[in-house]
Each structure stands twice: as C-alpha cells, then as structure tokens.
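Please walk me through this structure in plain terms, starting with the backbone and ending with the ligand.

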Amino acid sequence: MKKGLFIVLEGPDRSGKSTQAAMLRDWLLGLGHKVRLTREPGGTYLSEKIRAILLDPKSEIEPLTELFLYETSRAKHTLKVILPALKTGEIIVSDRYTMSTTAYQGYGRGLDLKTVETLNRIATMGLKPDLTIVFDVPDKVFKQRECRGNDRMELQGASFRLKVNRAYKRLSSRPGVKKVDASAPIEAVHAEVLSAIRPLLRKKGFGTR
Ligand SMILES: Nc1ncnc2c1ncn2[C@@H]1O[C@H](COP(=O)(O)OP(=O)(O)O)[C@@H](O)[C@H]1O
Ligand SMILES: [Mg+2]
C-alpha cells in the first residue's frame, strides 16, 4: 500500500530543523525524487489554522486542550497530505511529527505519557515514520543558541524548554531514530543527515546516485 518514504525531523526550537529540512528537500530533489516538505503543526489549511491558535501568545490553552489541538491538526495532516502522498510514492519530509507531542506535551507539560502515545497512534492511524532524525543540542549550547522568539511555545519558561531538550535525548534512543549532533556547523549537520538517509533510500529502492 505505502510506496513512498516518510522522514521526520525532530528536536527542540532552534535546533536547526527547518534549515536542515530545506537542505534535505533540495538534495532529494536534485536526485530526481518527488519530494514534499511539510510541517507540524500545519501542512493543511485547517492544520495551519490550528497552528496559528497554538502559537498565538494570547491563546490560553490548558495542557490537555493543547494535546488535543496538536492531535487534531495531525489527524488532518496525516489523512489529507501524508498518507495520499506516500501512496503515490512520494518522499515526505516533515518538520516535526509525533515525537514533538511526546516531548512537549508528555515530558514538558507532564501529561500521562501513555495517553499521549495512545492519542499519537489514533491521530496517525498507526503510521510510523521510516526514519526520525533528532537534532540533539547539548544543554549548554541550547542555552547559548537561544534567541527566543515570541510565539506561545517559544515564550514558555526555561525549565519547560530544558525538560523538552532532555526528553529529546531520551527519545532519540528509540528504534527508527537517528540522533544527529546539532551543535556542529550547518554543512556538517547536513552531511550527518545524508549519511542517515542514504542507507534508507537504498533499502527502500530509491536512487542515491
Ligand atoms: N548547525 C547550526 N549552527 C548554528 N546555527 C544554526 C545551525 N543550524 C541552524 N542555525 C541557525 O539557528 C536558527 C534556528 O534554526 P532553524 O532551522 O530555524 O531551527 P528550528 O526549525 O529547529 O527552530 C536559525 O537562525 C539558523 O540559521
Ligand atoms: Mg523551524
């Protein structure tokens, strides 16, 4: 049924996900593959509306409400964009997916991890990425690199953001997850991303030239 490839980039804010997602997309396009770059929360008209609510500093959102908003956005994104594209053999590169919810709403907000993972499974209908790349930022570099933005998630306190950063370190030992040192220069991080992607492309019958 599923012919494409589903690659997810994860990590805390400002770990370089969006930078690397665009570089990876361009590299895959250069190989002649059909590639779709997408993001969470977002990726569809409805999901981008939910993203705007989630990131609006004026939104008052309890942790449980926040969890459901992320999962609602994800259900739509998965049904409308990811599954159809995978069916036609495209390579999907998503800037965040389920691991973000486990890290932020589970470890960060302290919601029950089993509940979070159950809702992740429901919202994705059990779809799992072929590979999740976690951009790992040492705590010290994390504090230095932080030039905080002004969206609702970036305005969370330092202890929340540190919990999330540490959650990613734990989650990156899971199967199907590759940890990349995000404190290296941009080109070196890109090279590490490619060395994780190449074997997967070969295994799944996509050319790597
Ligand atoms: N490896 C890196 N070293 C130093 N700065 C980086 C690196 N990767 C990205 N940046 C810079 O850090 C900032 C955040 O990067 P971005 O890709 O937007 O992160 P994210 O999408 O994870 O929030 C940007 O200004 C970007 O240019
Ligand atoms: Mg980004």
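In which loop is proline 41 found? Proline 41 sits in the loop between β2 (35-39) and α2 (45-55). The model is a predicted one, and in it the peptide bond that joins glutamate 40 to proline 41 is cis, with an omega of about -10°.

The phi angle of arginine 96 is near 80°, which is a positive value in a residue other than glycine. Arginine 96 belongs to the loop between β3 (91-95) and α4.

Helix α4 covers residues 98-108 and helix α5 covers residues 113-124. The two pack at an angle of about 150°, and their axes are 9 Å apart. Angles over 145 degrees count as roughly antiparallel, so α4 is roughly antiparallel to α5. Where α4 passes α5, the crossing is right-handed.

Helix α4 also packs against helix α7, which is made up of residues 158-171. Here the angle is about 130°, with the axes 9 Å apart.

The angle between α1 and α8 is about 50°, and their axes lie 10 Å apart. These two helices are therefore oblique to each other. The crossing of α1 and α8 is right-handed.

Helices α1 (17-30) and α8 (186-203) each supply at least two residues of the shell around ligand 1. Which element gives the largest share of that shell? The largest share, three residues, comes from α1.

There are 14 residues around ligand 1, and those that come nearest are Arg14, Lys17, Ser18, Thr19 and Ala184. Sorted by class, the shell has six nonpolar, four polar and four charged residues.

Several backbone atoms come within polar contact of the ligand. A backbone N or O atom of arginine 14 is 2.7 Å from an oxygen atom of ligand 1. Glycine 16 places a polar backbone atom 3.0 Å from an oxygen atom of ligand 1. With isoleucine 186 the ligand atom is a nitrogen, and this nitrogen lies 3.5 Å from a polar backbone atom of the residue. How much of the accessible area of ligand 1 does the protein cover? On its own, ligand 1 has 560 Å² of accessible area, and the protein covers 68% of this.

Note on methods
Residues numbered from 1 in each chain as written. Chains lettered and ligands numbered in written order. Predicted model: local features only at pLDDT ≥ 70, side-chain atom pairs only at ≥ 80, totals over all residues. Heavy atoms only, no water. Near = heavy atom within 4 Å. Polar contact = N/O pair within 3.5 Å; in protein donor to acceptor, adjacent residues only side chain to side chain. Areas by Shrake-Rupley, 256 points an atom, 1.4 Å probe, with all protein chains shown as cover. Helix = DSSP H or I, 4+ residues; strand = E, 2+ residues; numbered from the N terminus. Nonpolar A, V, L, I, M, F, W, Y, C, P; charged D, E, K, R; others polar. Axes fitted to C-alpha atoms, helices over the stretch in contact; angles between N-to-C directions. Parallel < 35°, antiparallel > 145°, perpendicular 65-115°, else oblique. Left-handed = near helix turned anticlockwise from the far one by under 90°.
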